[in-house]
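Good morning, and thank you for the time. Please bring up the sequence and the structure, and keep both in view while I speak.

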Amino acid sequence: MKVTLMITKQSTRTFGRRRFLEIAVGSLASTQLVDSTAANAGLILDRRAELVQPESAEALPPLKQIDAGVLSVGYIEAGPADGPAAILLHGWPYDIHSFGEVTPRLALAGFRVIVPFARGYGPTSFLSNETPRTGQPSALAVDTIALMDALRIKRATIAGFDWGARTADIVATLWPDRVKGIVSVSGYLIGSQEAGKSPLPPKAELQWWYQYYFATERGREGYYKYRREFAELIWRLASPQWKFDDATFARSAAAFDNADHVDIVIHNYRWRLGLVQGDPSLDQLEAKLASAPQVNVPAITLEGDDNGAPHPDPSAYAKKFSGKYLHRLVGGGIGHNLPQEAPAAFAQAVIDVSKA
């Protein structure tokens, strides 16, 4: 029987510099187990997991740059070159610093960790001025496959949150042979323009206020002028109990100065409402995604217990995961930016799903 695991901050114990941080699998005896009616099968999690505590999570590895598909992608890489690949994908309005503590944990666990800036963020740029600045979901999935090809990665565990979680879902459905397993914060996030036409109850629509703001030219101009203030507001609304400091925000906010950032963000949200066209070269992929295909690869979905961003209830998407599957609720006031707020739980999920 599949269970939902409740992981709290107290579920972990740190034993000092370069000692073992023991979490999740072997240490869950004291945590709450909640039965869940969901997909068939469950992940086998009977191994005791040990993560080495990194000496420092402040400094990311040096940035690298590689041409991949239509982009020159800025990314960091950590861990052994011959280790199993783990690709970590950020969302909006965040950047690779969301994985600042996840990356060294996975590297020390033996993974080859790749963390790219998405199109429209940081040093990632388009190779041609003629390429449409589309932010539609399938484009980011194509970017991920192109990056894997450029780095000669045949198969990887893909993990993300927000836009990154949606990308992980899409890659898993369209290219399952390239995916070992996925970790998706807030679960199944594949949508379509057709689905976006259906109105939601007023309370749910209220949570998407910024999507309607971006649908206007006033919203576009406002985001261009106040993108940092806008992002900080979203951070606070999406993670009410996360007490990030100015330096933490500033590290990520620098990524929003990308020349294509506003175009990508605005197109993403307008595309969802059917207000703009997508890239015609992606029409076939979008048509496949419009059928809401199931995720057949091993998957772990995560949710923070205080996620202030719009997100579906786990019971609404559990059956979309038809392979080995497990959902975990991460407690302790964890919000939307789960990998940065609860890095141990996120890293553990990557390790666990890669062994499924």
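I shall begin with the overall content and then go through selected regions.

First, the basis of the values. This is a predicted model, in which local features need pLDDT of at least 70 and side-chain atom pairs count only at pLDDT 80 or more, while totals for chains, interfaces and linings use all residues. Residues are numbered from 1 along each chain as its sequence is written, and side-chain values use heavy atoms, with hydrogens and water left out.

The protein contains 14 helices and 13 strands. Helices (H or I, at least four residues) and strands (E, at least two) are DSSP runs, numbered from the N terminus. Of the 356 residues, 57% count as buried. Here buried means under 20% relative accessible area, exposed means over 50%, and partly exposed lies in between, with a 1.4 Å probe and protein chains only. Contact, as I use the word, means heavy atoms within 4.5 Å. Among contacts with a separation of 6 or more, 79% are between residues 24 or more positions apart.

Let us turn to strand 7, residues 85-89. How many of its residues are buried? The count is 5 of 5, and the strand is mostly covered. In a regular strand the side chains alternate between the two faces of the sheet. In strand 7, A85, I87 and L89 lie on one side, A86 and L88 lie on the other, and all of them are buried.

A168, a residue of helix 3, is 79 residues from L89 in sequence, yet their C-alpha atoms are 7.9 Å apart in space. Which residues does A168 contact, leaving aside its neighbours within four places in sequence? They are L89, I158, I182 and V183. A168 counts as buried because its relative accessible area is 0%.

Helix 3, residues 163-174, also packs with helix 2, residues 137-150, at an angle of about 70° and with the axes 9 Å apart. The axes are lines fitted to C-alpha atoms, for helices over the stretch in contact, and angles run from 0 to 180 degrees between N-to-C directions. Helix 2 is therefore roughly perpendicular to helix 3, the term for angles of 65 to 115 degrees. On the helix 2 side the contact is formed by P137, S138, L140, A141, T144 and I145, which meet W163, R166, T167, I170 and V171 in helix 3. By class, this contact has 7 nonpolar, 3 polar and 1 charged residues. For these classes, Ala, Val, Leu, Ile, Met, Phe, Trp, Tyr, Cys and Pro count as nonpolar, Asp, Glu, Lys and Arg as charged, and the others, Gly among them, as polar.

Next, two residues and their surroundings. T124 sits in the loop between strand 8 (112-116) and strand 9 (125-126). Is T124 buried or exposed? T124 counts as buried, because its relative accessibility is 1%. Its side chain reaches the backbone nitrogen of G74 at 3.0 Å. Beyond its neighbours within four places in sequence, T124 has contacts that include Q65, V73, F117, R119 and N258.

K64, in strand 5 (residues 64-68), counts as partly exposed because its relative accessibility is 37%. The side chains of K64 and E77 are joined by a polar contact of 3.2 Å. A polar contact is a pair of N or O atoms within 3.5 Å; within protein, one must be able to donate a hydrogen and the other to accept it, and residues adjacent in sequence count only if both atoms are side-chain atoms. K64 and E77 are 13 residues apart in sequence, with 7.7 Å between their C-alpha atoms. Leaving aside neighbours within four places, K64 also touches V73, G74 and Y75.

Finally, the backbone geometry. Most residues other than glycine have a negative phi, and most peptide bonds are trans. Where is there a cis peptide bond? One joins W92 and P93, with omega of about -5°, and P93 lies in the loop between strand 7 and helix 1 (102-108). D162, although not a glycine, has a positive phi of about 55°. D162 is in the loop between strand 10 (156-160) and helix 3, and is buried at 15% relative accessible area. A292 likewise has a positive phi of about 55° and is not a glycine. Its place is the loop between helix 11 (283-289) and strand 12 (299-304), where A292 is partly exposed at 28%.

Technical notes. Angles under 35 degrees count as roughly parallel, over 145 as roughly antiparallel, 65 to 115 as roughly perpendicular and the rest as oblique.
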